[in-house]
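Subject: Handover of a two-chain model

Dear colleague,

Please find below the structure that I am handing over to you.

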Amino acid sequence: MKDPIVFKEPIGGPFAPPQGNKKILGPLQRLQTRMQRFADHEVVDYCIVGLGAGGGVLLQRLAKAGFRVVGLDAGPFWDSERDWVSDEKGSHKLYWNDLRITGGEDPLTFGENNSGKGVGGSTVHWAAFAPRFHPSDFRVRTEDGVAADWPISYWDLKPYYELLEREIPVAGPAYFPWGDPHGYPYGPHPMGGVGNVLMKGCTKLGIGVCAGGPVAINSGSRGDRPHCIYRGFCIQGCKVGAKASTLITHIPEAIRYGAEVRELSMAFRISMRNPRWTDGVFYYDRDGREHFQRAKAVIIAAYSVETPRLLLNSACPGHERGLANASGTVGRFLMAQAGNVLLGRFAEPIRMYKAPPAHAMSEHFYETDPKRDFVRGFAIQTVGPLPIAFARQMIKAKDAWGWGMRRVMMDYNHWAALGVLGEILPWPDNRITLAEEKDQYGIPVAKAHFTLHENDKRLTRFAVEKVKEVLYAAGAEEVVEESRYAHLVGAARMGHDPAESVVDRFGRTHEVHNLFIADGSVLPTQGSANPGLTIMCLAARTADYLIAQGTRIFDSEKRDWTPPPIRKDLAVKGAFTTGIPRLF
Amino acid sequence: MTNTESETKNWIRDAKTRAPLAPKKQPGYYPGYQVMSQKAFWDAATRKVVEDRLYRVPPIRFFTPEELPTIQAVVDRILPQDDRLPESKIPILNYIDERLFEGRIDGYRFEDMPPDREAYRLGIQAIEETARAMTGRGFTELDPLKQDEVLQTIHDGKPVAAHRIWRQMPIRRFWELLVGDCVSAYYAHPWAWDEIGFGGPAYPRAYMRLENGLPEPWEVEEQRYEWLAPVDSLSDVDEPATTARQGAGGQKETH
């Protein structure tokens, strides 16, 4: 065998981070603007708790519309060159690792599985699959007789899908055939080994499949963000700046328009001036000191565990069961998607660590099929576990340990992993409550209870068998499975009826006039689509509503149900000037 | 050079000749592949994190001197490294100890599990009790095969002793915690990446050959050899598992 060509040194010496810039968001992005600083006693217009998919978009929209707005995030304001690494173990700090108790018959795992901590939230470590929900997802009660209908329809959200797909932007095929068919502003990505397996298996079985997206990763450079370099460390934080996170898509513009990002600030109670009006947020700073940020209105965007936890921890006279929880719905209808991973071993090498984990998918089985013994459906998506994640999967999937684990891992390059993304229905007993234990701040931690119901189990079984067939059809010699769950939504759902939901169709809590929720926790059902894009769209719609309502939000008890005009002029700069021109 | 049987019984064997295969600096199917040869092409933050793993191994601070020999022996069987030369063995226990010492968790704890520190203390105690019940001797006094027999009962979720402890802590959850921590330390190490042919960090240099399992110019082609686990072990996979096994996903399966 010939010796490998080994390049000892790059021309110009080892790579070093750029000097002289305090904030570096990706290798090319710079924040030249000084950030606005509000004092605690200053009354801002909006205080947003949590700067992930929802909070990041709202911060940018409200600042650009001229509001005085502060965003609190429990985690740090990342400097991607300094803080992030191309390394699985070294990326532990990106996740929400504070204690949560998890139980039920099918307990969820948290941390790296679904919870981010830091500015950008979970979009920092999402794999960035960015499909839309289908029109049927908004009418599950009407069409399938289970779960709930949304108080809005797909058509209310469609203009926001089109807008956000350009803003972040999303790369994918010119024609995406499922749900409401549409095309993407950036072309599809090249395929990696796992995507080829999915294409081959699906094609053989006559299952429709989509190559190269939809994924919120640049397939061409755009403005100050380079294109993907296919290094495969998407869920460790994209140092390249190619993968969208609100940290690089919306936060920089929010700061340019005068928003303040207050890092390492852990909100622990929403303050109430009287039972119908909030006047700000109590939080702990990085040194554990208590602060109170006054605000004319508060938006919680802390996601499906921390949002209900904050509401429950804010119980006060008039809200004895937790804030905005007269209905008892806060914390209930928590959902995760069936995320079973099917791993196939192939005779030929795959090297699945290359290319983004998210680069091919199928929504062929997305809709209810009356011929099956369950309602709703699932998607099939590429997954590219790196060595530690793969080894951990093999503990369950192959019961491997000792020499067996060493042997399986020596074959790492021969395996390909496909993920089920299955719709689990919202159930009242799947919920977040408070545990007796307290975290490092002395705040009671969240306790999650999660149990699959009959439809969920049937759907998952069917999906697992289907993906197994796909892997065998692609030539796998052996297929094993790890059952797990992906994403989190629900636990503060939206609806028309205050007796059965927490917020209205614009994200305003039924019980507190100037308190809004703008994250995945408002979703009444979850479809089989990754929720990130939909959360951003809902946040942008809430922002348009707040902007259209103006100061009435701060003092009027009358709720205006007029849908707001879409403010395309508030989209991030460059949304309409780049990309591959396509007709919508 | 010939080796006595006692020296070679922990060695892996050639699948055809059954002859013991001497420990190597770099086991695996990618001879000559060295991920660290690429470090100048990585960003500085990544380079530091990976180099620290090679040169700055954390000291033992959590486990007591009484617990240390047992847990070390356990880890040596959970991920045996008898096919590696002494100087190329990958430190595992130090990283488990570091995590427990610093109180770092993955963001959740199963309702039916004690906190991780307590879980390890109870687990070590249970392994010792199991060893005594099965053999009348302590875990560290046993030969590797007997040690594997003790661990196999925990792997199978079929406790033969320490029932008081397993009532406080579901046995499969402890197993998955322990094995999970071991693989997280081992496969974080650049020598393990050399062993399995993982390309490692690739920023800012990137990958260019995405399809058909092709190696980059600096990676190497696979050179397989067939091997058997040492005679004195139980932990190898016999045959491909064709059906999915359920782990401790649901509590009802673990009691």
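Helices here are DSSP runs of H or I with at least four residues, strands are runs of E with at least two, and both are numbered from the N terminus. With that convention, K568(A) is placed in the segment after α13 (552-555) of chain A. Please note that this is a predicted model. K568(A) has 14 C-beta neighbours inside 10 Å and therefore counts as partly exposed, a class that lies between buried, at 20 or more, and exposed, at 12 or fewer.

The contact between the chains

Chain A brings 84 residues to the contact, and chain B brings 72 residues. On the side of chain A that touches chain B, the elements that give two or more residues are α2 (80-83), β5 (101-103), α5 (193-205), α9 (387-397), α10 (402-410) and β18 (478-482) of chain A. The most is given by α10(A), with 9 residues. By residue class, this side of chain A consists of 43 nonpolar, 15 polar and 26 charged residues.

A sheet built from both chains

Strand β5(A) also pairs across the contact: it runs parallel to strand β2 (residues 109-110) of chain B, and 2 bridges join them. Here I101(A) is found opposite R109(B) in β2(B). Which strands make up the open sheet, and in what order? There are 4 strands, ordered β16(A)-β17(A)-β5(A)-β2(B), and the pairing is mixed. The edges are formed by β16 of chain A and β2 of chain B, each of which has a single partner strand, so one side of each is left without a neighbour in the sheet.

Within chain A, β5(A) and β17(A) are parallel and share 3 bridges, with G103(A) having H449(A) as its bridge partner in β17(A). Helix α8 (residues 303-313) of chain A lies across β16 and β17 of chain A, at about 65° to β16(A).

An enclosed strand in chain A

Strand β14 (residues 378-383) of chain A has 6 of its 6 residues buried, so it is largely enclosed by the rest of the structure. F378(A), I380(A) and T382(A) point one way from β14(A), while A379(A), Q381(A) and V383(A) point the other way. Strand β13 (residues 360-362) of chain A is joined to β14(A) by 2 bridges in the antiparallel sense, and S362(A) stands opposite I380(A). Strand β15 (residues 415-422) of chain A is likewise antiparallel to β14(A), with 6 bridges; L421(A) in β15(A) is the bridge partner of A379(A).

Helices of chain B

Helix α5 (residues 116-135) of chain B has 20 residues and reaches 28 Å from its first C-alpha to its last, close to the 28 Å expected at 1.5 Å a residue. Its buried residues are A119(B), Y120(B), G123(B), I124(B), A126(B), I127(B), T130(B) and A131(B). Seen down the axis of α5(B), these buried residues fall within an arc of 165°, so they line one face of the helix. The elements that cover them include α3 (68-78), α4 (93-102), α6 (144-155), α7 (163-168) and α8 (171-186) of chain B. After α5(B) comes G136(B), with a positive phi near 80°.

In α3(B), the buried residues are I71(B), A73(B), V74(B), V75(B), R77(B) and I78(B). What do these buried residues of α3(B) pack against? Their partners are α10 of chain A together with α4, α5, α6 and α8 of chain B.

Yours sincerely

Terms used. Residues numbered from 1 in each chain as written. Chains lettered and ligands numbered in written order. Predicted model: local features only at pLDDT ≥ 70, side-chain atom pairs only at ≥ 80, totals over all residues. Contact = placed C-beta atoms within 7 Å. Nonpolar A, V, L, I, M, F, W, Y, C, P; charged D, E, K, R; others polar. Pairing = 2+ DSSP bridges. Expected span 1.5 Å × (residues − 1). Arc of directions from axis to C-beta. Axes fitted to C-alpha atoms, helices over the stretch in contact; angles between N-to-C directions.
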